[in-house]
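Colleague: Please walk me through this model. I want to know what stands behind each label.

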Amino acid sequence: PFDWYARMREAAPVRYDPERRTWDVFRYDDVKRVLDDDDVFSVDPQKADDFVEPEGPGEGLILDTMLFEDPPRHDELRGVVDEWFQPRSLADREPHFRELASELLDDAVGADGQMDVVEDLAYPFPVTVIAELLGVPASDRDRFKTWSDTLVEAASDDESADAFADRQQQIQMEMAQYFLEMIEDRRENPRDDLISVIVTAESSEGGRLSREEALGMCILLLVAGNITTTNLIANAVRCFAEADADLFDQLRGDDRALTSAVEEVLRYRSPVQAMSRVATEDVTMRGETIEAGDRIIAWLGSANRDERQFEAADAFQPDRSPNQHVGFGHGTHYCLGAPLARLEAKVGLSELLDRVENVRLAEEPLQPTRSSFIYGVESLPVRYDERR
Ligand code: HEM
């Protein structure tokens, strides 16, 4: 998409696409402005003129979450779990996360010198971590994968719109069923996990959360952090493998250098390329009038390549500084899971670097993800030399 972004940033930085009935915003400053102004640019899709009420039971649960609520309700919802995702709360769990990554890699890395980074590490690692934090069995992770994949999938040409909608609805009902059982269980047997935190907020005096909101939050936390972090880790290995041969050696054992390189991956190959907003009033940007009720896509992936903000924006520079990318968004809805995603990337990648060297991509062309706003690959086969 990057060539297209570059052209649009110059020729039509704010433009209306009649086919999608959507405004697109491509420049860094404009993207930030949209994400900064909750009053004018709402996250609530229900405010769009062409919003269609979801039908079946279980559908639209995700609409009742912080991701799609404006302040002040947003802040109340986020407040329920905010503490859990702070770096200092996660720090205690780092050794355990490291064990999880280590187990996965012990199975994957061997004398045959090949692995699939997605299947062997980038997918199972984040899903196992979030399953443990939520308090659901990691053994259900195949089911989680199907759910997450389906939710972010774009309708494809080989399937009718109705069949696609049915499949989406089916998944939502399965998820609702699954988490309702978990919620019931934690009411009786609270534990040290996120579902218990959510249940406590739901059932406490005054009820900070409705039943639907509690359910929506479980689903959001399961879904939001999986495909995104999978693609961060896989995109990182891809960037490192394409860079100078000695980058792996520079990053190995140097957490600061690795942390900085991960930030550059978030900028250069942002797992989340776009976020959606709705104008709540008429507003002018670059001479164009966006009307109340119009939908707007803020292209994070384009903002992150804007030459006005980043020197040599199309170059991958692992030690780039400053690096004010918007890969985790910006403002009120800045990614709740950013500290967790950064920690997972650091732990997963450093464990990988400890075990392998001379990493090469084994297959090209790569198969891009099936989602329209997620940037990454379906699989990433690599060859390497095992370190001993
Ligand atoms: C919000 C990206 C990992 C949970 C966001 C937003 C972005 C983003 C761009 C802003 C949405 C908006 O402005 O509308 C990413 C990326 C990740 C990642 C690139 C990994 C590399 C995670 C993880 C979790 C998570 C691990 C949790 C387990 C959330 C939640 C929100 C959010 C709950 C909504 C926050 C709010 O509305 O206040 N994420 N995310 N994310 N993310 Fe992430």
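Modeller: Start with α11 (211-224), α12 (226-242) and α16 (338-355): each gives at least two residues to the shell around the ligand. Helices (H or I, at least four residues) are DSSP runs, numbered from the N terminus. This is a predicted model: local features need pLDDT of at least 70, side-chain atom pairs count only at pLDDT 80 or more, and totals for chains, interfaces and linings use all residues. Residues are numbered from 1 along each chain as its sequence is written.

Colleague: How many residues surround the ligand, and which are the closest?

Modeller: The shell holds 26 residues, and Gly225, Thr228, Gly329, Cys335 and Gly337 are the closest. A residue counts as near a molecule if its C-beta atom, placed from the backbone, lies within 6 Å of it.

Colleague: Where is Lys346, and why is Lys346 called partly exposed?

Modeller: Lys346 is in helix α16. Buried needs 20 or more other C-beta atoms within 10 Å of the residue's own, exposed 12 or fewer, and partly exposed is in between; C-beta atoms are placed from the backbone. Lys346 has 18, so Lys346 is partly exposed.

Colleague: Which residues make the contact?

Modeller: Pro124, Val127, Thr128 and Ala131 of α7 meet Arg141, Phe144 and Lys145 of α8. Contact means C-beta atoms, placed from the backbone, within 7 Å.

Note on methods. Two residues are in contact if their C-beta atoms, placed from the backbone, lie within 7 Å.
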